[in-house]
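Welcome! Here is a short tour of side-chain contacts, written for someone meeting this structure for the first time. Take a look at the sequence and the model, and then read on.

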Amino acid sequence: MTKKILIVITLLLTIIEPSFAAQDRTDRTTTTTTVTDDEVKIGILSWRGPLGFKKRWQATENYLTQTLDRKITFLPLEFKEVLPAVKAGEVDFFTADPSMFISAKNEYGASEVLTMKLSHTDSVGAVLFTRADNHKINKLYDLNQKKFGALQRWSFGGWQMAEKEFRNAGIDPYSLLHTLRFFDKPQSVVYAVLSRKVDAGTVPASILERMVRTKKIDMADIKILRKKDHPGFPYVCSTELYPSFPLAKTAATDQKLADHLAAALRDLQSKDKILQAARIKGWVAPLDYTPIEVVQSQLRGGGYTGSRRY
């Protein structure tokens, strides 16, 4: 009888033990899958609507999802949404206006991962301009008591670079100008100048050329103020050049993940359709953003805060 009981117990253990082992393997597999499938959210500074954004960045999102073997999601962020998203931990990575990035770095511990190469250069500038037939405005002092248009008060390329040029010339633009009007889109600044709603304006370098290329404006109607020549820089420019838009990680984002993401993006070549869809030339090792902090320290408003403080 005892021998029969032992045989039964042995058979039960033979059946039950593999079940526990299988369950143990299932648990470990589930845990591993959960880690692999953690969604990585990348906020992209965008002036475009949802359809334009998806068309531009969907290929990059698909490429990174496949290359990193985890779900990557790109999120369009307006200027006012970037810092709150970083602060709340709603994104793991983000692109930003250089001034905005410095604010995120100083306030929330963000750090640069890559620099976006927007054209054949990894630098950005801004252009100051008026109508070609406006013979009364030829230099900055001619803007005395005139109306001036800019993109955003806290936009580095949309106003802060221009403000720095005023101050380099010994001019306080807030005292000189009659009106400083801010617009939500760079194209709106250009149209405001051409329609005489403002006497002159500033936009990031490349905006005028893009509008000419799409036949929205004629460069013959534009007069550039304080023009500077930068060898190798393909756009008309009125300011010094500064590092282009960074791709940054939040303080909580794992450095190994950042390294893998950076490696995947740097593998893309300028002729790849993924970059062509995104309308950029590629990604390079992060540049030195110290000059942005220097500029911020010299301006009335300092860095980007997400609020208008004037």
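How many salt bridges does the structure hold? The answer is eight. Please keep in mind that this is a predicted model, so every value below is computed from its atoms.

## Charged pairs

Side chains of opposite charge can pair when their charged atoms come close.

| Salt bridge | Distance, N to O |
|---|---|
| Lys139 and Asp142 | 3.4 Å |
| Glu163 and Arg167 | 3.0 Å |
| Lys228 and Glu165 | 2.7 Å |

Let us start with the pair of Lys139 and Asp142, whose side chains meet in a salt bridge. Lys139 counts as partly exposed because its relative accessibility is 49%. Asp142, with a relative accessible area of 18%, is buried, since the cut-off for buried is under 20%.

Next comes a pair within one helix. Why are Glu163 and Arg167 separated by about one helical turn? They are four residues apart in helix H5, and that spacing is the reason. Glu163 counts as buried, at 1% relative accessibility, while Arg167 has 26% and counts as partly exposed.

Helix H5 also provides Glu165, the partner of Lys228.

## Aromatic pairs

Now for the rings. The structure holds ten aromatic pairs. One of them is formed by Phe79 and Trp154, and this pair is tilted, with 5.2 Å centre to centre and 50° between the planes. Where do its two members sit in the chain? Phe79 is in helix H3 (residues 79-88), and Trp154 is in the loop between strand E7 (147-150) and helix H5 (156-168). The two are 75 residues apart, and their pairing links distant parts of the chain.

Are Phe79 and Trp154 buried or exposed? Both are buried.

Other rings gather in a cluster. Which residues do the ring pairs link there? They are Phe148, Trp159, Phe166, Tyr174 and Phe182.

Methods:
Residues numbered from 1 in each chain as written. Predicted model: local features only at pLDDT ≥ 70, side-chain atom pairs only at ≥ 80, totals over all residues. Heavy atoms only, no water. Phe/Tyr/Trp six-rings, centres within 6.5 Å; stacked < 30°, edge-to-face > 60°. Buried < 20%, exposed > 50% of the residue type's maximum accessible area, 1.4 Å probe, protein only. Salt bridge = Lys/Arg side-chain N within 4 Å of Asp/Glu carboxyl O.
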